[in-house]
Every structure is written in structure tokens, then in C-alpha cells.
Amino acid sequence: MRPDAVTWTLRRVGRATLGSVERLGFAARFSVAVLVHTPAALRRLSLTLREIYFSGVLSLVIILVSGLFVGMVLALQGYDVLTRYGANESLGVLVALSLVRELGPVVAGLLFASRAGSAITAEIGLMKTTEQLSAMEMMAVDPLARVVAPRFVGGIVSMPLLAALFSMLGIFGAYLVGVKLIGIDAGSFWGNMQSAVDFRYDIVNGIIKSVVFGVAVSLIAVFEGYNARPTAEGVSTATTRTVVASSLSILALDFVLTVFMFRGMVG
Amino acid sequence: MSDTLPAGSDAGNAGPAVVLKDVSFGYERRRTILSGIDMSVPRGKVVAIMGGSGCGKTTILRLIGGQLRPQRGQVLVDGCDVASLDREGLFAMRRKIGMLFQFGALFTDMSVFENIAFPLREHTGLPDELIRDLVLMKLNAVGLRGAAGLNPSELSGGMARRVALARAIALDPMLVMYDEPFAGLDPISLGIVGQLIRRLNDALGITSVVVTHDIYESLKIVDYIYFVSEGRIISQGTPAEVRASSEAFVRQFVDGAADGPVPFHYPARPLAKDFARAA
């Protein structure tokens with residue numbers, strides 16, 4: 001390699017590293033600023049309720065339909081495996097634990113990032129592109145308090161509710177397939193489920209996961225929107241980054257949380 | 001042309017509304033946008049800042065509004081050094097300023113009525129009935145009282161600019177800044193917006209700073225003009241002085257000549273070098 005090429009490569013690597021560190025630092029400062037403005041969003045409840053409607057209520061269709069199908073598929077696959085071991089009466093347990101512990105928070109989180117996270121980023125990014133955020137600043141109104149914080153809180157509130165609904169519909173889907181279609185005894189389906197699913201260990205941990213995913217997705221979505229380049233391409237890039245970064249964060253956080261929550265399983 | 005500004009309505013009492021003293025600004029150390037800008041905007045006057053695209057006109061507005069801080073020099077608004085203000089102080093100062101953005105920057109999730117009510121709801125504790133009356137008065141001033149129920153997407157470019165103007169004066173500011181208010185308007189809308197800027201300035205006793213490159217419309221309505229090129233003020237004067245000026249840049253601007261001090265060609269190698277191989 002020629003010395004010029006080495007210098008050129010080192011310079012590019014250095015620039016990229018500095019850029020990443022700068023962006024990380026800016027993201028940290030932005031996150032603190034959003035958290036500082038969160039109480040203001042709670043005081044202006046009408047703004048937050050509006051965002052819960054946009055993030056939560058408008059995501060219901062995709063969450064409910066997905067939950068139903070995931071539950072039905074899980075029941076079919078689970079029944080096939082459980083039958084080999086003569087444990088088909090445990091279908092309710094298998095489905096409920098899979099959904100409440102993992103699939104509910106994770107799949108609902110991924111869907112939430114795609115539907116609501118991308119919408120939040122695009123909306124804030126377009127507000128920046130059309131100078132609406134600048135106009136707000138020039139009217140002595142802080143966009144972090146008026147635009148960003150309500151969307152952040154709306155996302156955090158919506159996410160656990162959507163995850164819970166996803167799991168409920170999933171269990172209902174499994175009931176339709178397992179009990180109504182295949183013919184498993186309804187009593188053992190619900191009874192085994194009730195005795196095996198622990199409220200603190202399974203349900204609360206599932207809720208904690210969905211809250212953490214809600215914080216991650218909402219924060220990434222508002223950050224990317226607020227820092228989007230004010231062009232059509234910039235908003236498009238920011239929206240894509242939201243979906244990618246949110247999805248990867250959910251999967252990574254899920255692993256970390258699972259390690260801490262269910263340590264007993266791996267001895 | 002003269003370097004002496006006309007005195008404003010109450011200039012003797014409170015001094016100019018806006019003063020820029022030896023202001024320099026650049027986004028990076030090597031890229032200078034503005035250099036040594038000296039400017040004064042007397043109270044009650046309409047002052048235009050003119051120049052070609054990318055010459056730093058809008059940056060001057062952002063410096064006055066405190067969205068940017070100068071690297072050198074002082075920006076004084078109503079006698080207060082903008083760079084010395086903390087966030088609270090800056091927001092308090094901005095309550096005295098209205099700004100009309102290039103394409104209106106109306107909030108697209110609100111109706112026309114709610115757009116104008118927005119600053120009133122944010123900064124005053126006025127009851128809804130009073131806010132309603134104030135909003136309709138502001139809309140009436142720009143001739144759009146009947147459009148209160150429309151959404152921004154239903155407005156033409158000229159109407160959107162007028163609604164944005166009504167919003168800019170909602171809090172009865174002492175200073176209104178206009179960023180390219182004539183851009184992309186048809187001749188009728190252009191005339192209406194121009195006349196509104198002048199009429200509202202005089203009727204409400206405010207001060208106006210208009211950033212534009214529309215020389216004909218500006219000459220009709222402004223009291224004083226600064227010409228900016230490559231980050232420096234290269235000429236200034238009253239409309240009469242501008243019309244009579246023989247300065248090359250001003251003449252190019254007034255006559256709309258393609259070539260002159262602002263060259264038609266982007267800097268490039270000599271023509272012969274680029275075509276030498278072909279020959």
C-alpha cells in the first residue's frame with residue numbers, strides 16, 4: 001500500500017470515528033433534554049393523548065391481526081411437536097409462555113417500530129424540512145417540549161398496551177386452532193395455562209420488556225426525526241434508520257433483559 | 001450612495017430596533033458566510049436586505065433571531081445583545097419578534113385559525129372568546145377572515161404567506177422579519193403581500209426587515225436597502241438612490257443583467273484548456 005493511500009485510509013477512518021462519537025454524544029445530550037421535558041408533556045395531557053392515539057390506536061389493526069395469526073401458527077407448530085411427546089394438553093402453556101415472555105413484546109415492538117416509529121420520524125423530519133420547528137422556536141415555543149416530548153411519552157404508554165393486546169389475541173388465535181379446530185380439551189388448555197404462567201415471573205417481566213422497547217423505539221424515532229437532514233432524501237434516510245436501529249435495539253435489548261430476568265433457566 | 005440611514009419614527013428616544021456591529025459568521029472555521037457586517041434598522045421603518053441566492057441574507061435574519069450566534073461582533077435587538085442571552089432570555093426576546101418564513105411554515109396539522117391562535121395560546125392566558133376575536137382581527141387585516149376554517153393544504157401560496165403574516169403579528173411584535181416573502185408568488189399575490197408588509201408596518205407601528213431578491217417589489221415598499229454579496233455589505237441606500245445608482249453590482253441587480261460583478265459562469269479553468277484536447 002502506498003503511503004498516500006495509508007494516510008487517506010487513516011484519515012477516513014478517523015473522520016468516521018469522530019463523526020460516530022460526535023453523533024453518540026449528541027444523542028446522549030438529546031436524550032437528557034427529552035427526559036427533562038417529559039414532565040411538561042405529562043402536564044399538557046391533551047397533546048400526549050393525541051400522540052397515544054396516533055401511535056397506539058392507529059397501530060391496533062396491524063398489532064391485533066398479527067397477534068391473531070402468530071398465535072394460530074404457534075398453535076399449529078406447537079401441537080405438531082407436543083404430540084410427538086404426548087404432551088399436546090400443554091399447548092396452552094407453550095403458547096402463553098412464548099407470547100407473554102418473548103413474542104408479545106418483541107414482535108409487537110418490531111411492528112410498533114415499523115408503523116409508529118417510522119411515522120414519528122417522518123412527521124418530525126417533515127416539520128423540520130418545512131421550517132415548522134424553526135417557526136416554533138422563533139415564536140419562543142420549545143419544539144422539544146411541544147413536539148418531541150409528547151410523542152416520546154405517547155410511544156412509551158402505547159407500547160406495553162399494544163404488546164399486551166398482541167399476546168391476548170395470540171392466545172385467542174391459539175385457542176381457536178387448538179381447541180376449536182384440532183379439538184384439544186378447553187379445560188386443560190386454559191387450566192394448564194393458568195397454573196403454569198406466573199404473574200410476577202412471566203407477565204410482569206414481559207411488561208417490563210415492552211416498556212423498555214417502547215422507550216428505545218420512541219427515543220430513536222424522535223432523535224432521528226429531529227436530526228434528519230431537511231431534504232426529502234434526509235427524511236427518507238432518517239425513517240429507514242429509525243426502523244433499522246429500533247429493530248436491532250429491540251433484539252439486542254431482548255437478549256440482555258432475558259439474561260437478567262430468566263437467569264434460573266440456564267442454571 | 002449614502003451611508004446615512006433615515007431616522008425612524010422614535011429613533012431619538014430608544015435607538016434603532018436592530019443593530020449589527022462588525023458581525024462575522026461562518027459554519028466552519030474556513031467557510032465564512034458573513035464578514036464585518038454593519039447594519040442598523042431604525043424603528044418604524046421597512047428595511048430590505050438584498051443579494052443573490054446564497055449570499056448570506058437569511059443568515060442575517062437567523063443571527064437577529066438568535067438561532068445563530070456571531071463568531072465576531074454584536075447583534076443588538078431592542079438594545080439587547082442577542083449573543084449574551086440565555087435560553088430564557090432568548091425566548092423572552094423572541095416574543096417581541098414575528099417572523100414570516102419563505103414558504104409560510106404553517107403547522108400542517110392545524111387549521112388556519114389554530115395556526116394564528118397558536119402563539120396566543122402558548123404565551124397568553126386569554127380566554128377562548130378573546131383569542132377567537134383576536135385571531136379573526138388578524139385574519140381580517142390580511143383579508144382572510146373567511147379562510148379561518150381552512151387547512152394549510154387548501155391554501156394557495158399567496159394565501160399561505162398572508163396567513164403566516166397574520167400569525168407573525170399575532171402577539172403584536174415590535175419587529176417582524178420576512179424571509180423571501182415574494183418567492184414563488186404570482187404578480188397579484190406578490191403585490192398584495194408587498195402592500196400588506198408596508199401597511200401593517202405603518203398601521204401597527206412595527207419595524208420590518210425584509211430579506212428578498214425581488215428588487216422591483218422592494219423598491220415600492222421599503223425605506224432603505226442593504227445589498228449583500230459574498231457575505232459583505234457592498235452597497236446601501238434609499239430606493240431613490242438605488243434607482244439612480246451607477247454602482248456596477250446595483251445596476252446588475254436593478255437591470256437583471258446576466259453577467260457583471262456576479263458572473264454568469266461558475267469559476268472554471270480557462271476555456272482553451274478544457275477544449276484543447278478536442279482540438
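Two residues are in contact if their C-beta atoms, placed from the backbone, lie within 7 Å. This is a predicted model: local features need pLDDT of at least 70, side-chain atom pairs count only at pLDDT 80 or more, and totals for chains, interfaces and linings use all residues. Residues are numbered from 1 along each chain as its sequence is written, while chains are lettered from A and ligands numbered from 1 in the order in which they are written.

**Figure 1. Chain A, with 9 helices and 0 strands.** Helices (H or I, at least four residues) and strands (E, at least two) are DSSP runs, numbered from the N terminus. Along the sequence, the pattern of chain A reads α-α-α-α-α-α-α-α-α. The C-alpha trace spans about 65 × 60 × 30 Å along its principal axes. Of the contacts in chain A with a separation of 6 or more, 87% come from residues 24 or more positions apart. Buried residues make up 44% of the 267 residues in chain A. A residue counts as buried if 20 or more other C-beta atoms lie within 10 Å of its own, as exposed if 12 or fewer do, and as partly exposed in between; C-beta atoms are placed from the backbone.

**Figure 2. The crossing of helices α1 and α6 in chain A.** Two packed helices are described by the angle between their axes and the distance between the axes. Helix α1 (residues 3-43) and helix α6 (residues 143-182) of chain A have axes that come within 8 Å and cross at roughly 85°. That makes α1(A) roughly perpendicular to α6(A). Axes are lines fitted to C-alpha atoms, for helices over the stretch in contact, and angles run from 0 to 180 degrees between N-to-C directions. Angles under 35 degrees count as roughly parallel, over 145 as roughly antiparallel, 65 to 115 as roughly perpendicular and the rest as oblique. From α1(A), the contact residues include A:A33, A:V34, A:H37 and A:T38. Those from α6(A) include A:L144, A:V148, A:P150 and A:F152. The residues of this contact divide into 12 nonpolar, 2 polar and no charged. Ala, Val, Leu, Ile, Met, Phe, Trp, Tyr, Cys and Pro count as nonpolar, Asp, Glu, Lys and Arg as charged, and the others, Gly among them, as polar.

**Figure 3. The contact between chains A and B.** Chain A gives 10 residues and chain B gives 14 residues. On the side of chain A that touches chain B, 5 residues are nonpolar, 3 are polar and 2 are charged.

**Figure 4. Chain B, with 11 helices and 10 strands.** The radius of gyration of chain B is 20 Å, close to the 19 Å that the globule rule gives for 279 residues, so chain B is as compact as a globular protein of that length. The radius is taken over C-alpha atoms, and the rule is 2.2 Å times the number of residues to the power 0.38. The C-alpha atoms fill a box of roughly 75 × 40 × 40 Å, taken along the principal axes. Buried residues make up 41% of chain B.

**Figure 5. The open antiparallel sheet of chain B.** Its 4 strands have the order β2-β1-β4-β5. The edge strands, β2 (32-41) and β5 (80-81), each pair on one side only. Two strands pair if DSSP finds at least two bridges between them. Strand β4 (residues 72-77) pairs with β5(B) over 2 bridges. B:C80 in β5(B) is the bridge partner of B:V77.

**Figure 6. Two positive phi angles in chain B.** Most residues other than glycine have a negative phi, and most peptide bonds are trans. B:D22 has a positive phi of about 50° and sits in strand β1 (residues 18-26). B:D22 is exposed, with 12 other C-beta atoms within 10 Å. For B:D78, phi is near 55°. B:D78 lies in the loop between β4 and β5 and is partly exposed, with 18 other C-beta atoms within 10 Å.

**Figure 7. Strand β7 of chain B and its parallel partners.** Strand β6 (residues 97-100) and strand β7 (residues 175-179) pair in the parallel sense over 4 bridges. B:M177 is the bridge partner of B:M99, and B:Y178 that of B:L100. Strand β8 (residues 207-212) runs parallel to β7(B), joined by 5 bridges. B:L175 stands opposite B:T207. 5 of the 5 residues of β7(B) are buried, so β7(B) is largely enclosed by the rest of the structure.
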